[in-house]
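This report is for a reader who is new to the structure shown below.

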Amino acid sequence: MASMRDIKRRKGSIQSTQQITKAMKLVSTVKLQRAKSNAERSKTYFHAMYDTVHSILRKSGNLEHRYLKTGETGKTGVIVITSNRGLAGGYNSNVVKLITQGALANEDLAIYAIGKKGRDALGRKYEIAQDYSDYIEEPVYAEAMRMSSQVLKDFEEGRIKEIYIAYTGFKNTVSHIPTLLKLLPIIPGQEPDAEKEGELQDEIENNTLMNFEPEEDDALDLLIPKYITSLIYGCMIEAVAAENGARMQAMDSATSNAEEMIDKLTLMYNRARQSSITQELTEIIAGANAIS
Amino acid sequence: MADNLFKLRIITPDRTFYESDVVMVEFNTTEGEIGVLKGHIPLTVVVAPGIITITEESGTKEAALHAGFAEVLGDSVIIMAEIIEWPSEIDLERAQEARDRAEERLRARTPETDIARAETALQRAMARINVIK
């Protein structure tokens, strides 16, 4: 059995770890609240943008536009949103796994990293085209705009032929879903929603074709960058919320694990103390008996 | 009265700016001003800076709309606005300063002046000022 002093030291060290995890949990709870309300506010725009652009494209019949076709040359571009800091449970590795073990595993990828953890994990295997890791701390719309113009430029110049975005969707505080979304080329009408299918049928029957002002090409030139920007921005905001949620959970379970260990060690310590008292008493009594 | 209403939604990255049934909406596009009533043909337009006038059953509302695009359908209009403000949210002094700055830049017209940017800034400032008046 370990000595009393060893157990005590061990317990002390776990207690201070627990203090740290508890503090980190509190911090991420506060950050989560903020990120969550942000995510909820921008969610409407983000979803409406997705729905609107897809509905526009669905109604437009056969469009010929460079953003709607897979590029002929280049790699597959993936925007990967992870965090800059660890200790968030499976948050970062889930996103990385989505790429290394998912549908894109065997493609030649160019990574646009947002978040150091994803950059470091994927940098060993794939090329890092751009690194925007600083942006994830405080997502700003203007930065999403810069990023989208960069990826669109790479797409137009044939360095990449498709653009995906990998991020963690924030469903609610406890449920976060690593998601891989195709940004470009846009394939309209990929919604499995039955209700929407019905609408789509109606629309086709009504034979209403979308008109564009200015001309189709010009309108889409203006519209699609906005679409990409808002998706990147929305994904970043959701990812930040998910990151803090994941960290809060990880720290919560770390705190309760520490609690459990402390309880166990307290029990061991008390047993050790008891047995040492018993032993001392036995020795004293044996000594007294020997004298008399 | 009720059958000439359509659904108007104006959404920005930060919030749902406006959502209600309206009679008419007028705003500025890159091709000029348009007014939309119920039953409009499907149309996608790109927004240019200007005043948006929303006619409800009970009266009209105005706001300064700066950038975005709109999807017009027969029974609904969605405006995905990047920037839009109610008159009460506008800082008149700042808008006037911005207008003066933009005008100054356009007058000076050095080769490195970004004319398009200055013009958009001017349009934006004018929209803000006009919507207050």
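## Helices, sheet and chain contact

Helices α2(A) and α3(A) are oblique to each other, because their axes cross at roughly 40 degrees, and angles between 35 and 65 degrees are classed as oblique. The model is a predicted one. Helix α2 covers residues 91-100 of chain A and helix α3 covers residues 116-123 of chain A, and their axes come within 10 Å. The crossing of α2(A) past α3(A) is right-handed. On the α2(A) side, the contact is made by Asn92(A), Val95(A), Val96(A) and Ile99(A). On the α3(A) side, Lys117(A), Gly118(A), Ala121(A) and Leu122(A) take part. By type, the residues of this contact are five nonpolar, two polar and one charged.

Chain A also holds an open sheet of five strands, with mixed pairing and the order β3-β2-β1-β4-β5. Its edge strands are β3 (127-131) and β5 (176-184) of chain A, each of which pairs on one side only. From one strand to the next, the twist averages 25 degrees. Strand β4 (residues 160-170) of chain A runs antiparallel to β5(A), and eight bridges join the two. In this pair, Phe170(A) stands opposite His176(A) of β5(A).

Which helix packs on the sheet? Helix α6 (residues 216-291) of chain A does, and it touches β1 (75-81), β2 (109-114), β4 and β5 of chain A. The direction of α6(A) makes about 35 degrees with that of β4(A).

The model also has a contact between chains A and B, in which 19 residues of chain B meet 24 residues of chain A. On the chain B side, β5 (43-46), β7 (59-72) and β8 (76-85) of chain B each give two or more residues. The largest share, four residues, comes from β5(B). The chain B side divides into ten nonpolar, five polar and four charged residues.

β5(B) is also paired with a strand of chain A: three bridges join it to strand β6 (residues 211-213) of chain A, and the two run parallel. Here Phe212(A) stands opposite Thr44(B).

| Strand pair | Bridges | Direction |
|---|---|---|
| β4(A) and β5(A) | eight bridges | antiparallel |
| β6(A) and β5(B) | three bridges | parallel |

Notes: Residues numbered from 1 in each chain as written. Chains lettered and ligands numbered in written order. Predicted model: local features only at pLDDT ≥ 70, side-chain atom pairs only at ≥ 80, totals over all residues. Axes fitted to C-alpha atoms, helices over the stretch in contact; angles between N-to-C directions. Parallel < 35°, antiparallel > 145°, perpendicular 65-115°, else oblique. Left-handed = near helix turned anticlockwise from the far one by under 90°. Contact = placed C-beta atoms within 7 Å. Nonpolar A, V, L, I, M, F, W, Y, C, P; charged D, E, K, R; others polar. Pairing = 2+ DSSP bridges.
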